[in-house]
Amino acid sequence: MKDTKAAPDIFDAGYIDRVRAFFASRPGGDKKSPLAHVRTFGCQQNVSDSERIKGMLAQMGFGFTEEPEQADLILFNTCAVREHAEDRVFGNVGALKGIKRRRPDVLIALCGCMVQQEHVAQRIKESYPFVGLVFGTHVLHRFPELLYNALAGQKRVFEIPEGDGSIVEDLPVRRDGKFKAWLSIMYGCDNFCSYCIVPYVRGRERSRDPERILEEARELVRGGYKEITLLGQNVNSYGKGQEHGVDFPELLRMLNDIPGDFWIRFMTSHPKDATRRLFDTIAECEKVARHFHLPFQSGSNRILKAMNRGYTREQYIELVEYAKSVVPGISFTSDVIVGFPGETREDFEQTLDLIRRVGFTSLFTFIYSPRKGTPAAGMEDPVPHKVKTEWFSEMTALQEQIAAAHSASMVGSVRRALIEGEGEGYLEARLSENIVVRVEGEKSLIGKFAEVEITGARSRVLTGRVKNEL
């Protein structure tokens, strides 16, 4: 199944024109632009990848539609983190069979982490014959070439090379937002947590050159973007093994020095690579948001060892306590896995205790999902799913109590917020601490910073009023 052909590490823009010419040659193609429907599953890195896919499509002359029925190209960018994510993709792909039957010329494509797995690609090849293009995570830059081959060759194209991939700069991008942007600083992961498929589908860590990152960030600031989120599977290990010698704290300082009024966020961080120096840097950089997403996954040292996480609960708690001492008001969010193979009630109680001690503003909680090809998938797992769901409910109830108490403590304070969008009868703003506030105000405030007074609290959502536009 694996294609042994080595993928070139350049972006060949020549195929942009070939795809344009292909659609122009179709009946009526000189009067109507082709339409693409691009749907993204999974994490922010997938969203960022899809923005580049859409950037290439735009240069190829495509317009975009939210309706698959109207599209000439239907592309799903897939996620492999949990079984549920894969089931969702297969369910949605199956629903496209009728569209392909009614409109044989439509091209259905799948890409991303899920299809990088050999067994998944084989399933698509055998069970979904109406899918005409499948490509993995390492050949994003070759998308125009692969698309042209699938269109002009009238045959299915599968391109899923092994390896760690390379960094290809200068891909066009069509950003989804007008004032919030994703900025990838690195790709891949070297950690190999025992439950995680990401290192196998994203490859080993590769860091972008800091000057290219700074160049992209300056362009975003010039374009009026007010929030830039740095992306990487483990941003804390940015720059490891690179000759330029810039690590993540230094990169934050360099970005913070860019003139302009904007916030810097980042995700995701690994606790074993988060240092006191990193928190000292955050304290000294006024543009870096006072929020830290630091997945702890389990509060039990025994389970952390089985997960191959590389730190203890004591080290995690000490790190958080230091961060709070040097960055007053910093908020923490985290990921937690419930029901890891072999987890006992005692292990789970230690997770609850860690949640109480840290006081997270929110948690992203998951019941363990086995991933084929990972060490954890072969571990004994005696705890019934019913018990895991009970633990899950208990943990989420505890977190709701903690979040509600934290929100209540903020009432009466005045905070800087970015007005992000519009709800039903309110505007939605977000604080530096990554907490949402619903406020009254004019639509003209969207995309701007404002001074907001917190007037009420409900669990994770605050209510307030705009005092001043900043």
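The model is predicted: local features need pLDDT of at least 70, side-chain atom pairs count only at pLDDT 80 or more, and totals for chains, interfaces and linings use all residues. Residues are numbered from 1 along each chain as its sequence is written, and side-chain values use heavy atoms, leaving out hydrogens and water.

Let's start with the sheet. It is open, has 3 strands in the order β7-β10-β11, and pairs them in parallel. Strands here are DSSP runs of E, at least two residues long, and helices are runs of H or I, at least four, numbered from the N terminus. Two strands pair if DSSP finds at least two bridges between them. Since β7 and β11 sit at the edges with a single partner strand each, one side of each has no neighbour in the sheet. From one strand to the next, the twist averages 25 degrees. β7 and β10 are joined by 5 bridges, and S184 stands opposite L231 in β10.

| β7 | 180-184 |
| β10 | 227-231 |
| β11 | 263-267 |

Now the helices. The axes of α9 (residues 248-256) and α10 (residues 276-284) come within 9 Å and cross at roughly 10 degrees. Axes are lines fitted to C-alpha atoms, for helices over the stretch in contact, with angles from 0 to 180 degrees between N-to-C directions. That makes α9 roughly parallel to α10 (angles under 35 degrees). Contact (heavy atoms within 4.5 Å) involves, among others, F248 and L252 of α9 and L278 and I282 of α10.

Methods. Parallel < 35°, antiparallel > 145°, perpendicular 65-115°, else oblique.
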